[in-house]
Amino acid sequence: MLKLEARPEPSKIWTYGSPVLALLITVLIGTVMFTALGKDPLKGLEMFFWQPIHNAYALGELLVKATPLLIIALGLAVCFRSNVWNIGAEGQYIIGAIFAGGVALLADAGSSRWIVLPILLAGVLGGMVWASLTALLRDRFHANEILVSLMLVYVAVQVLSYLVGGPWKDPMGFNFPQTKTFEAATRIPRLFEGSRVSIGALLALVSVAGLWVFLFRTRAGFALQVGGLAPAAARYAGFSSRRALWTALLISGGAAGLAGALEVAGPIGQLTPYVPAGYGFAAIIVAFVGRLHPVGMVFSAILMSMFYIGGEMAQSRLGLTKSLTGVFQGLLLFSLLACDTLVNYRLMWQKRGGR
């Protein structure tokens, strides 16, 4: 019979091999699932793993989806490495979108293209403000940041619903709960003609490099990680746990807010009740599949955006529900959690009745 035996030290091979095995298990279970639903499994897998990359336009759409996921995941990685469990990035994303949308609504036909910069900064500020509520309640009242940040997501959704259905509602919008379409000057510049890929993709890559330097080449990044791994050692070294808490949450909230600004001033072009797209929650999976490493999260963000696009295609072309996207995301996460057991344990064969 098989049993788990503790390793003397974590396996470096399985640290990076576990996500690959988790993906293979996800594909296998997905094949069984498509078969059970009466669909051609090869056609189903094609929707998720080939159609999103089969031509230049598809690759562009893949980058459009991957950009907010990557930016949010980078911020979350700072929190998780600091042992601060920010589960409310979705709310910070929404508030960032609201702040950015508020600035965009101030523009008119004569506004300069430079207004894009205040829009992005407003998004960052909005995300930081919303994350600071979690930091304040954790710091002053020892509230659980998981519950606080998660509950604030639903508050953010209600704030958005109030604005687009009330004071910011487009009077020419046939009573739909949405703002007017933003002026052309407020739109995030695109990188290529005929593609929706914006400068947000470049900002995401710059953020990857910046986070790598911050985490692995600065004293502040080292202090955050030490505080997460060994709080007592951090206090002994003179590192402030309060500073680590606020720094991690503000960075994470700012990143989520930036992603929200890039979305509403980019592909969406206005504020609607559909701004919440689940990116804040999906980015948690992106962060862990990428091993909380900036480079690893680039690949996991691309994979997760393939699931988003594949789910949409499976809905339109195979007649399946769009919730299939969430199913694949959940399968990947649970498979990863299971496979991560192999990092600290190894499977051993033990004869029945043996010691």
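**Close-up views of a predicted model**

**View 1. The second largest pocket has a lining of 10 nonpolar, 4 polar and 1 charged residues.** The model is predicted. This pocket holds about 310 Å³ of space. Its lining counts 15 residues. Pro-19, Val-289, Gly-296, Phe-299 and Ser-300 lie nearest the centre. Helix H1 (12–36) and helix H12 each give at least two residues to the lining. H12 provides the largest share, with 6 residues.

**View 2. Helix H7 crosses helix H12.** H7 spans residues 200–217, and H12 spans residues 294–318. Their axes come within 9 Å. The crossing angle is roughly 145°. From H7, the contact uses Val-208, Leu-211, Trp-212 and Phe-216. From H12, it uses Pro-294, Val-295, Met-297 and Val-298. By class, this contact has 8 nonpolar residues, with no polar and no charged ones.

**View 3. The largest pocket has a volume of about 520 Å³.** Its lining has 25 residues. Closest to the centre are Ser-240, Ser-241, Arg-242, Ala-244 and Leu-245. Four helices each supply at least two lining residues: H5 (116–141), H8 (219–229), H9 and H10 (241–268). By class, the lining divides into 10 nonpolar, 9 polar and 6 charged residues.

**View 4. Helices H9 and H4 mark the two ends of the mean pLDDT range among the elements.** Helix H9 (residues 231–236) has the lowest mean, 74. H9 also contributes to the lining of the largest pocket. Helix H4 (residues 89–104) has the highest mean, 98. The protein as a whole averages 92, and 99% of the residues score at least 70.

How values were computed:
Residues numbered from 1 in each chain as written. Predicted model: local features only at pLDDT ≥ 70, side-chain atom pairs only at ≥ 80, totals over all residues. Heavy atoms only, no water. Axes fitted to C-alpha atoms, helices over the stretch in contact; angles between N-to-C directions. Contact = heavy atoms within 4.5 Å. Nonpolar A, V, L, I, M, F, W, Y, C, P; charged D, E, K, R; others polar. pLDDT = per-residue confidence, 0-100. 1 Å grid on protein atoms, 1.4 Å probe; cavity = no way out; pocket = protein on both sides within 12 Å on 5 of 7 lines; lining within 4 Å. Points joined across faces, edges and corners; volume = space filled by probe spheres on them.
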